[in-house]
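Biologist: Could you walk me through how the parts of this chain meet? I'd like to begin with a side-chain pair.

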Amino acid sequence: MIHISKRVDFTLFKGKAAWMNRFIGWGIRLLAVALSLVVCGVLIYALTKLNPVKVYAVMANGVFGTTRRVWAWLRDLALLLCISVGLAPAFKMRFWNIGAEGQVLVGGIATAACMIYMGGMNIPTPLLLLIMAATSIVAGAIWGIIPALFKARWNTNETLFTLMMNYIAIQLTSYFIPKWEHPKGSNTVGLINAGTQAGWFPSFMSKEALAKLDPNAWYTGLLKNTVGQPYLLNVLIVIAIVLFMFFYLKKSKHGYEIAVVGQSENTARYAAMNVKKVIVRTMTLSGAICGLGGFLAVAGADHTISAATAGGRGFVAIIVAWLAKFNTFVMILISAVLVFLEKGAIAIASEFSLSNDVSHIIKGIILFFILGSEFFINYQIKFTGKSGRRADK
Amino acid sequence: MKKILAIVLCVLMALALCACKTNHEDNNPDNTAAPQNTENGGETGKDVSGLKIGVILVGDENEGYTFAHIEGFKEAMKELGIKDEQVTWKYVIPENATCYDTACELADAGCNIIFSNSYGHQSFMVQAAQEFPEVVFVPATGDTANVCGLENVVNIFPQTYQSRYVSGVVAGMKLKELMDNGTVTDPYIGYVGAYPYAEVVSGFTAFFLGIKSIVPDAHMDVMYTSSWFDLNKENETAKALMAKGCVIIGQHADSTGAPSAVEAALKEGKVAYSVGYNIDMLKVAPNAALTSAQNNWSVLYKMVLKDFIDGKKVQHDYTAGYEADAVMISALGASCAPGTAEKVAEVIESIKNGTFHVFDISTFTVEGKTLDSYVFDFSTMNADFTAVQYEGEKIEVVSDGYFHESEYRSAPYFGIIIDGITSLTNTGN
């Protein structure tokens, strides 16, 4: 017989400090990633007869090979991380917000609308960006607050509700695209404000300013690769959100309330917490951050809007949030890995003329191993005798 | 009978190809003298070893549209003597900032000329073109090269409306046969379109005019799927059109959804035939498929690359039709009416030698009137339609008795709904 039970301690560190157990937990996760790479390697070799090490090297080069690639990776990582962090409070409250995709989209629509209708007004860039950020936050918050109100008032199922809200957001995008499309009938919005770049994330130092620097000075290259890049703002915004969310969940009263409501609503009520208020407040925050994700996607990356602006990130973010157990810093690591896999996939598809599906397989295997390792970290398996008695007793 | 038809067809096609070849070479007298496919120089006779090319593709070879582009590009490479290692392929590049990243990366890596194959890539290619003025960017099927103010942006677009017209002639022959033997009394045609976009409008108008040249009282309904590729939607739209009584179903969408719906209906005893696009539909609809309008991308790729290699200043627009073999129709299905192949050859010949123009204004009316003047504004508007994004010329495109499609810009601009066509728009505006 096999006996599965919830793990308290690892045998090696029985009764020892919690950090030691956490340490071995991470060891297991790393081992899982390593194992998954081995399995992928065997599969790659079996299917394509390519050297797996070479394939991984191409992936790494495809993501980190040039400064431009690293920044593209950082930009996509920032966006995924932003959405994941947005989901964290809702999930910690055991409120299944499956609607990040829609919240990102409405945030994106709000941003695009600001860029289109206010782009020609000569508003100073910082002010315009603030207005865009604010509208996207409001739009995302509205998309989050609707299912929360229904949940609080009538105890509706939030999983279905938030999921359905995604479809409304997608339809809403499809409604706006023909309104804004350019050229007419093409069903694409094209680059918004392509000429003036109004509402686009600027780099902190313009090309002209960089050109004036002494090309031999040690700091020139450094500045060029940091403040001269347009995606630095994306990264900075998301770092701020990550820090905020970490302290909000861990150190604030609100964060504590979220944790209690998530564990047991009855306990929360017993402790005189206003559960309805906590639900609505938390979902507003969750939707708002996801809406800001739409702002990052439209103003900071694509400079256009389409039904694919969210691109499934709202769902990938669920995996990130769960794997990280709502620890915002761990989320950085996991989004980094997932974005790496996604970008590396394009690299190997192009380098080896492998079909895109191969990279989906690799991604699937790695995720499977990471998720599987969680089982062995959280549960212990004991093999018992035939009679069913525990073998160690 | 079938065999004879097939043989006749093959011979005709072969003849058409030969005729085409000579025509083409007559147009380029300096080309005929150049040695063909020499070891190092290829057709141009120039050294192409310094050339580095990037190709951005929206899909990979498993997807029909991209497959046609890959095949076309490889053909052009072969003819120009460009080696494999000179070309960097980028597959499955989505139509978002990744396209811009990829285009910049290719430019960083030293590519002198960069191609992309999907319409949605264009804005990101233009964005990259602003940054790399010394590199030539070629967003295929795009429409802003002539107005965006950048010297290094090139659009290419085959004159698909010609092959659509010819496919319309094939459908018209079938329709006439059905009406002559009394199977059909109402010459009602259905068309599965992707979007009410000028490219689509131009295409279905040409198709309709092809049918009308054989069956003058034909009328057509167009329904849109709001997607370039959606198997189920195209299938359902074709069914909806057949339920209305349409007997010929044309399409401007990339999947096999419509032909398979028509094939199923035909099996159930309904009278319906299909005209496809891009790929030969005989595999999915052996009885219902008549033919498909197709593009041969290699011709346009070669035209651009040749000018580039020769050191000529690249133009903003490259387009070509039957005269250069850039468009064609797929093999005729077994259900085609007798005499179709001969008629097709005759029509192709008249398009080729310039005696016939597809958008001849004597063949159609708009709101009851002949279209004897049409000024097209080539400017493109900003998204909210309040400001001009790119200033373009206003040009009279009707002259000498016909609408000059694809002559002032490679991307189609015939966006007028003519009499006899009902465009059932269900999206906004």
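**Where the domains meet**

Modeller: The side chains of Lys325(A) and Glu374(A) form a salt bridge, at 3.2 Å from N to O (a side-chain nitrogen of Lys or Arg within 4 Å of a carboxyl oxygen of Asp or Glu). This is a predicted model, where local features need pLDDT of at least 70, side-chain atom pairs count only at pLDDT 80 or more, and totals for chains, interfaces and linings use all residues. Side-chain values use heavy atoms, leaving out hydrogens and water, and residues are numbered from 1 along each chain.

Biologist: How many salt bridges does the rule find across the interface of domain 1 and domain 2 of chain A?

Modeller: The rule finds one across that interface.

Biologist: And where are the domains of chain A?

Modeller: Domain 1 of chain A covers 1-50 + 352-393 and domain 2 covers 77-338, with bounds from an automatic or database domain assignment. Seven residues from domain 1 and six residues from domain 2 make the contact, meaning heavy atoms within 4.5 Å.

Biologist: What area is buried between domain 1 and domain 2 of chain A?

Modeller: About 610 Å² is buried between them, with carbon and sulfur atoms giving 78%; this is the accessible area (1.4 Å probe) that the two parts lose on being put together, summed over both.

Biologist: How far apart are the centres of the two domains of chain A?

Modeller: Taken over C-alpha atoms, the centres of domain 1 and domain 2 of chain A are separated by 32 Å.

Conventions: Chains are lettered from A and ligands numbered from 1 in the order in which they are written.
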